Amino acid sequence: MGKTIAEKIFDAHLVDEPFGDVSVLKLDRVFCHEITTPTAIQDLVARGKDRVFDPEKIKAVIDHVTPAKDSKTAMQGKILRDWAKRHKIKDFFDIGHNGVCHAIFPEKGFARPGFTIIMGDSHTCTHGAFGAFAAGVGTTDLEVGILKGVCTFKKPETYKIEIVGTLQNGVYAKDIILKVIQELGVNGATNMVIEFRGNIVDEMNMDQRMTLSNMAVEAGATSGICLPDMTTVEYLWDFIKDEHASKQEALETFSTFNSDEDAVYANQKTIDVSDLEPLTTFGYKPDNVKPVSQMKGTKIDQVYIGSCTNGRLEDLRIAAKVLEGHTINENVRGIVSPATPKIFSQALEEGIIKIFMESGFCVTNPTCGACLGMSNGVLADGEVAAATTNRNFNGRMGKGGMVHLMSPATAAASAITGEISNSSLFCK
Ligand SMILES: CC(C)[C@H](C(=O)O)[C@@H](O)C(=O)O
Ligand code: SF4
């Protein structure tokens, strides 16, 4: 019987099968940020176990609220910073070098095909775009991961989603993942791994695959995996060239993890996206999805372009293309947060930052910031945001605020008109 990529990664990392369908896996990476890791650190210290399994395999960043906004967030940063120093974790990213975890870690080549990755963050599934099994975990699992380099998981069942067809202009990876979540529902893939397949995924670059994998958790999935291919190898080449004789050889090595033809799936679905229109959310759940055309006229107070879903260079390029030559609506506050310093400086070089600024956007440093309503653009009660983020939960960007999720193109068009709008209005 054939195996899925997730099953093969589990087999390759298996340390123990204590009972039933439970597997203890060896970890290749433990990623950390300043919101969840300090709790784990403080508990380890209190238990006299202030150790790390391997400082090379642990990567840490201060990203959610940076620069710190108050004494509490300053202390969270300090606990992580002091711990990283104490344990000689050299891949630690602080002010001036920091960016959103799920953007900066892939950019540094830390996510690789066949890897097992955990982090105390629900969007850790993003790294599945590289053909890794990457999952968000709670504090206890994070502590064990930091201390022993292992994590316990239920054996993975896989939901295969084939995305096929030809995309219309103005429709992006974000629209596709919103469509997937609409079809599956917020619990449709609970306790499962989503395997993204089909010609549309094959044709996507890594930025687009990360947008897809990022929101797998919004359909309940533990991880969202794309199979590694030459696009993956090309993206990682600078980081892996010493370990592989050629790109072809790297591809062959990575392909050993690819799902077999006769792999067994718990569920599968084919979605033809040829007729897909740009989509947006309308309620407080990510599966409350409608075509942008049906939401026309919905007034907005703030537009946010950024986050681990859509704060990458390609996202900024697409939004800037829509914004170029326009100023945003006088009733709209536009905020853009490039997801990493590298993305920021490339966007500067390409003139993208200038376009944002000339159109009336405020450009912030790389941070999660407004995405989770902790800083840099919290909504007032009753306000409405158009955002390229991944969660529209009640009050997500500020108590009493409403968030509509959408692609960077739709967000940029909406900033210009002041209401949810299709970017085809501004196609040049
Ligand atoms: C702060 C962190 C625990 C949280 C998460 O896990 O998702 C955050 O990143 C979010 O998006 O709400
Ligand atoms: S950008 Fe938003 S969703 Fe992503 S890790 Fe930060 S807070 Fe969470």
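## A buried cysteine to start with

Let's begin at Cys 308, which is buried because 28 other C-beta atoms lie within 10 Å, against a cut-off of 20 or more. The model you are looking at is predicted. Cys 308 sits in helix α11, which covers residues 307-310.

Setting aside neighbours within four places in sequence, the contacts of Cys 308 include a run of Val 100, Cys 101, His 102 and Ala 103. Cys 308 is also in contact with His 123, Thr 126, Asn 214 and Ala 339.

## The annotated site

Is Cys 371 buried or exposed? Cys 371 counts as buried, since it has 28 C-beta neighbours inside 10 Å. Its place is the loop that runs between β17 (361-363) and β18 (384-387). If residues up to four places away in sequence are not counted, Cys 371 touches Gly 306, Ser 307 and Thr 389.

## Around ligand 1

Now for the ligand. The residues around ligand 1 are Ile 35, Thr 36, His 64, Asp 121, Ser 122, His 123, Gly 136 and Leu 372. Sorted by class, the shell of ligand 1 holds five polar residues, two nonpolar ones and one charged one.

Helix α2 covers residues 37-46, and its residues Thr 37, Pro 38, Ala 40 and Ile 41 are buried. Viewed down the axis of α2, these buried residues fall within an arc of 160°, so they line one face of the helix.

What do the buried residues of α2 pack against? Their partners are the strands β3 (29-33) and β4 (58-61), together with the helices α3 (71-86) and α5 (139-148). After α2 comes Gly 48, which has a positive phi, near 70°.

Stepping back to the whole chain, the domain assignment gives domain 1 (5-270) and domain 2 (284-426). Their C-alpha centres lie 25 Å apart. The contact takes 30 residues from domain 1 and 32 residues from domain 2.

On the side of domain 1 that touches domain 2, the elements giving two or more residues are α4 (101-107), α6 (173-184) and α8 (206-214). The residues of that side divide into 13 polar, ten nonpolar and seven charged.

Definitions and conventions: Residues are numbered from 1 along each chain as its sequence is written. Chains are lettered from A and ligands numbered from 1 in the order in which they are written. This is a predicted model: local features need pLDDT of at least 70, side-chain atom pairs count only at pLDDT 80 or more; totals for chains, interfaces and linings use all residues. Helices (H or I, at least four residues) and strands (E, at least two) are DSSP runs, numbered from the N terminus. A residue is buried if 20 or more other C-beta atoms lie within 10 Å of its own, exposed if 12 or fewer, and partly exposed in between; C-beta atoms are placed from the backbone. Two residues are in contact if their C-beta atoms, placed from the backbone, lie within 7 Å. The arc is that of the directions from the helix axis to the C-beta atoms. A residue is near a molecule or strand if its C-beta atom, placed from the backbone, lies within 6 Å of it. Ala, Val, Leu, Ile, Met, Phe, Trp, Tyr, Cys and Pro count as nonpolar, Asp, Glu, Lys and Arg as charged, and the others, Gly among them, as polar. Domain bounds come from an automatic or database domain assignment.
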